[in-house]
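I wrote down what I looked up, in the order I looked.

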Amino acid sequence: MATETAIGASSGTTKGETGFRHWTALRNAAILLVLWEILGRFKLVAGGALPAPTEVLIRFWSDRGDYPAHILATFQGASLGFLIGNGLAILAGILFAVSPVAARLGRGLNVAIFALPPIAISPILVLTFSGMTPRVVLAALGCYFVTMSATVTGISQTDRRMLDVVRAYGGGRLALLRLVEIRAALPAILAGLRIAAPAAVLGSILAEFGGGGRFGLGAYLIGSLGRADPARLWGIGLAATAMALIAYGIFALIEARLTRSTRAVTVAATPPGIRSEGHWLSTIAITLASIALPFIVWWLLLKVLGTPAMIAKTPAGVFDYLFLAPSATSAQTRLLAALGQTLPMTLIGMAAGLAFAFALALASVVRPGIVRSFMPVALVTQTMPLVALTPLLVLLLGRGPSVILWITISVTFFPAFVTLAQGLGMVSRGALDVVRAYGASPFAQLRLVSIPASLPYLFAAMRLAVPRALLGVMIAEWLATGTGLGNLLNQSRGYLDYGMIWTVAVVSVLISVLFYQIVIVIERQMLRKRGMQPAA
Amino acid sequence: MTSQTGITLETVSRSFQGRGTVVQALDNVSLDCPAGSFTALIGPSGCGKSTMLRLALGLDDATAGEIGIAGMKPQQAAKAGLTGVAFQDAALMPWRSVEDNIALPLDVLGRKRSDFSAKIAELIALVGLKGFEKALPGELSGGMRQRVAIARALVTDPKVLFLDEPFGALDQILRRQMNLELQRIWMESRATTLLVTHGIDEAVFLADRVVVMQSRPGRIGRIVDIPLARPRLPEVFTTPEFHALEDQVAEALDGH
């Protein structure tokens, strides 16, 4: 409760400062717009690939008849997915918070859902389901992890004393949940919903990409890609971004109304149930079960849905396609060639994005003004549907490998930067004051305090960046360069090569999970040596 | 006298498994608090006084020994609504108003709140919070929150009252005031009370008996009887008898 009053007090004193900051942000935005207008009017960027804002607006106005149907379709998919995904996520979160064994069992499934690049499974969903279902599923998947982990964090961080009061009157597990934990977790859950809202929009748009439906912003974007009309592409991209931003804003408002608490702007990237206790035999059994569970769920889903075996490949089916069937050698060759193109790009893009984010976050310690002017931009791009950005980058950068790199950097940079900047902001003033009191230079402060203290956040940023990097590379490959896994997926879709579609989906999820696990192992080793805790 | 509403601990031990070591938080402790008595537990940090309270509340299980609350096991007594508790920090729920926080034990025990509305109003008056019924804890001062916690502890008319450093977070002046109020409340209700405290003066002022504990392993060092007449007035703090009793407790704390 002491912290609550402290927050209330500090927000009261900085009112003038916020007003000033609003004004600066407005001024910066105005400068940016004017600059953009000049660049667009005189076709200074890539021969007119960047149209002026007024041109985009004029085009938007003449297209105004098209938008309502597309926006409505995307909204339907996204909102239904949002409801289902978050409903399941909150229930799962409660289950995981209450039962550590369930959390450890569900870990494999949770990591798989966190790490899966949505674009990789969108063709599968389109094949297996019809109508709105693929959009709903992808939107729901986009929401699940964020809200589930927020619920678990919220419940497990409930003030122990409040729990003791209820238990002291003989309250059982249900009374604890009903009277304390769920209510105490509400701010965290709402923060999760806020981040999940744009994710649902992104999920729906991604499914529309490969879905072949008529309506939806994603379908509109794909349909307009072939026509040399940058102004329309920008219009659609901005409309999608606006939709995600509005979704984010609505939940930010509800949250502010209900809780008045400070808010986290990043996604947690740790699934619950990482700690293992008890006998080593039961630990191994639970770990194995947790790894097996995603495959069992996959197999069961197909059995329940009754999709024909030709289209829907079970784990055994994928194994058969890749190793046993007559065409296995050719499939392996194509897959390995694609991996040879995708993996280096993913690693280079991710490393560059992280390095850039780390450098800027450290610079912002020395000059706090950097964060202040950069954070709003970072927040907007966090909620921006990545796919809406891709065609625009293609227009600006062409279809060479550089576009892959830029897209990957742009999707990994911002979440990493936000995580790192927040982490560095939490470095204790006291620790900095100690070295300052001995006259340490800004560089020495970084070396002695800020960099070592930010290590947990660097790893959190890496965990966050892994699946996003692969998603970015695959989207760029699919839409722009025609190389690697993304292209293989798109081609197989065209050839109705079901085995390869499933194989690419499974391989990309496995790679993502593998990278994620590698980061976790290194993180645990390095942090344990330094006696530090992982950051959420 | 150890009958209906007393607290009894019989050769109670509680140990915790550390990293390869075993910490003996309580070692073979026996204590008998007769019905209607006021007992204060005092001792250095780590002497097991909080552990003892948690065991008596049923929040934790003893490694060995028996604990009886009004002749029942702690959890039974809690479920029967015989006990009341106030913790060191008020542990109020920030989303519940003063009234709702006081009514929390009723919600846990599944009692109808409407039957207790008069009781709640009376308690709010008793702790001097009239007019703050609908206030949220965030809008109250630290002392006011602590008084809400005291009212909450009393809402079920407990026969056994546990107080875990309930005034630890308050300043000395407010603390004196709260001590006087607590004595008045206790003399009206005559609940068997176990108070965990760090303050020698507080212990001597409030209790019939001060149980001085020692650490490593946690055990009872000495029991000092406080024969001062009640009601004890603020003036008692300055009397020579009071100082002599304080000195006895302080000596026992030093291990003499």
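Helices here are DSSP runs of H or I with at least four residues, and strands are runs of E with at least two, numbered from the N terminus. I noted that helix H7 (residues 133-156) and helix H9 (residues 173-211) of chain A pack at about 155°, with axes 6 Å apart. Axes are lines fitted to C-alpha atoms, for helices over the stretch in contact, and angles run from 0 to 180 degrees between N-to-C directions. H7(A) and H9(A) are therefore roughly antiparallel, a label for angles over 145 degrees.

This is a predicted model, in which local features need pLDDT of at least 70, side-chain atom pairs count only at pLDDT 80 or more, and totals for chains, interfaces and linings use all residues. Residues are numbered from 1 along each chain as its sequence is written, chains are lettered from A and ligands numbered from 1 in the order written, and side-chain values use heavy atoms, without hydrogens and water.

I then turned to chain B. The peptide bond from B:Arg216 to B:Pro217 is cis, with omega near -5°. I found B:Pro217 in the loop between strand E8 (209-214) and strand E9 (219-225) of chain B. Another cis bond joins B:Arg230 and B:Pro231, with omega about -5°. B:Pro231 sits in the loop between E9 and helix H9 (240-254) of chain B.

Last, I checked phi. B:Thr11, in strand E1 (residues 7-17) of chain B, has a positive phi of about 40°. Most residues other than glycine have a negative phi.

Technical notes
Parallel < 35°, antiparallel > 145°, perpendicular 65-115°, else oblique.
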